[in-house]
Structures are given as structure tokens and as C-alpha cells.
Amino acid sequence: MIRPWILAMDLDGTVWDHLNISGVEPPYTRINATSIKNRDNITVTLFEDAVKFIKWARDNGAITTTLSWNRRDYVDEALETFGIAGLFDYSSTDHTPDKDQRLLKLINILDEIGIYIPVDRVVYVDDRDIHMDAIKKNVGDIVFINIWKSTINYGDASKIVKERILADGTVSV
């Protein structure tokens, strides 16, 4: 049996190419399988490998959450329009920079329902490291994947998860 772990995903520049979905006012319309646009024709495109990575993580015991500094209503609509809202078990999106507090809250919620996740079984993927000092101070030494910097792609990210989280060999491909 796979021990549960948390995969916390930033969204801007990490799951999709736009760097601030809060600046892309809905409504959104789907253009194709990987792109949406708003009424101003601003296009946002999914990183297909990010979606595959999240699905792979779920198949390997991850409890998934967004961990995004954005307007939650915009994010929720974008995820729905892309058809990927169901990939996330929780939403830790808020229009504040307090990702450390939101991550702590999720860990506590899971603990309250009997799912204890040690801090070293929390993986956070972001294209920037600006939240890491607060996360390390207030949450602990999580597994941070600085996508596009410490890894070249999501294949490298999955290797880190295999080594740091799934080292017992309980991995599906």
C-alpha cells in the first residue's frame, strides 16, 4: 500500500503558461484541449506534462491541492474550463501570499480526519522560491521542486518524488 503524501501545486507558470491568472478576467472559453481564452482574447495554455505529473502523483498516493496566490474564483473557473478541476482534492488558493499558513491548514485538516502526513512527505512545486523561507520556518523541511530551475521538466520532478517520497519502491509507471 502506498503511504499518502501531499502534492501542492502552484498554478501560474507551473501548471499553465500565464504568470498571473488573476489578471485574466473571466469568463473563459476553451479553445482546444490545452488552451482557454477570455473575452479580451488573452490565452492561457496548460503544460500537458504538468497535468500528466499530477495524474501520476495521484496514482502514487498523493493528496493533491492547489497552492496558488490568486483570486480563487478565477482559478476555479480556469480549472473547470480546462476540465482539470477534478485533479485536485483540495484548493489552497487565496489572493494572499500566505502559502505557508494555507499548507499548515491543509496538514491540520488531514490530521483531524485521521490522515497524518509528516512534513517530509509534502511536495510543493512552484516556478518561484519566494514562499520557501516562510514555509521552512512555519511548516518545516518539505520537498520543494523549483520547476524550470532545479528541474528541467516534470520528468525530473517525478524522479525527485520517486527518490524522496516513493523510495520504498511502491511506484506505478
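Strands β2 and β3 form a hairpin in which two residues lie between them; here helices (H or I, at least four residues) and strands (E, at least two) are DSSP runs, numbered from the N terminus. The model is a predicted one, in which local features need pLDDT of at least 70 and side-chain atom pairs count only at pLDDT 80 or more, whereas totals for chains, interfaces and linings use all residues. Residues are numbered from 1 along each chain as its sequence is written, and side-chain values use heavy atoms, with hydrogens and water left out.

The pairing of β2 with β3 is antiparallel and extends over four bridges, two strands being taken as paired if DSSP finds at least two bridges between them. Within this pair, Thr29 stands opposite Lys37 in β3. Strand β3 (residues 35–38) also pairs with β4 in the antiparallel sense, over three bridges, and Ile36 is placed opposite Val44 in β4.

Pro27, in the loop between β1 and β2, is joined to Pro26 by a cis peptide bond with an omega of about 10 degrees. Asn41, in the loop between β3 and β4, has a positive phi of about 65 degrees although it is not a glycine. In general, most residues other than glycine have a negative phi, and most peptide bonds are trans.

A second open sheet consists of five strands in the order β6-β5-β1-β7-β8, with parallel pairing. Its edge strands, β6 (90–91) and β8, each pair on one side only. Strands β1 and β5 run parallel and are joined by five bridges; in this pair, Ala8 stands opposite Thr65 in β5.

Helix α1 lies across β1, β5 and β7 and runs at about 165 degrees to β1. At 1.5 Å a residue, the twelve residues of α1 should span 16 Å, and the end C-alpha atoms are 17 Å apart, which agrees; the expected span is 1.5 Å times one less than the number of residues. After α1 comes Gly61, with a positive phi near 95 degrees.

In helix α5 (residues 154–164), the buried residues are Tyr154, Ala157, Ser158 and Val161. They cover an arc of only 100 degrees around the axis, which puts them on the same side of α5, the arc being that of the directions from the helix axis to the C-beta atoms. An α-helix has 3.6 residues a turn, so residues three or four places apart point the same way. The cover over the buried residues of α5 includes β1 (5–9), α1 (48–59), β7 (122–126) and β8 (143–146). At the start of α5, a side-chain oxygen of Asn153 reaches to within 2.9 Å of the backbone nitrogen of Gly155. In the loop between β8 and α5 lies Trp148, a residue other than glycine with a positive phi near 80 degrees. Trp148 is partly exposed, at a relative accessible area of 39%.

Lys99 belongs to helix α3 (residues 99–112) and counts as buried, at 1% relative accessibility. Its side chain is joined to that of Asp10 by a polar contact of 3.0 Å. A polar contact is a pair of N or O atoms within 3.5 Å; within protein, one must be able to donate a hydrogen and the other to accept it, and residues adjacent in sequence count only if both atoms are side-chain atoms. Not counting residues up to four places away in sequence, Lys99 touches Asp10, Leu67, Ser68, Trp69, Tyr124, Asp126 and His131.

Notes. Buried < 20%, exposed > 50% of the residue type's maximum accessible area, 1.4 Å probe, protein only. Contact = heavy atoms within 4.5 Å. Axes fitted to C-alpha atoms, helices over the stretch in contact; angles between N-to-C directions.
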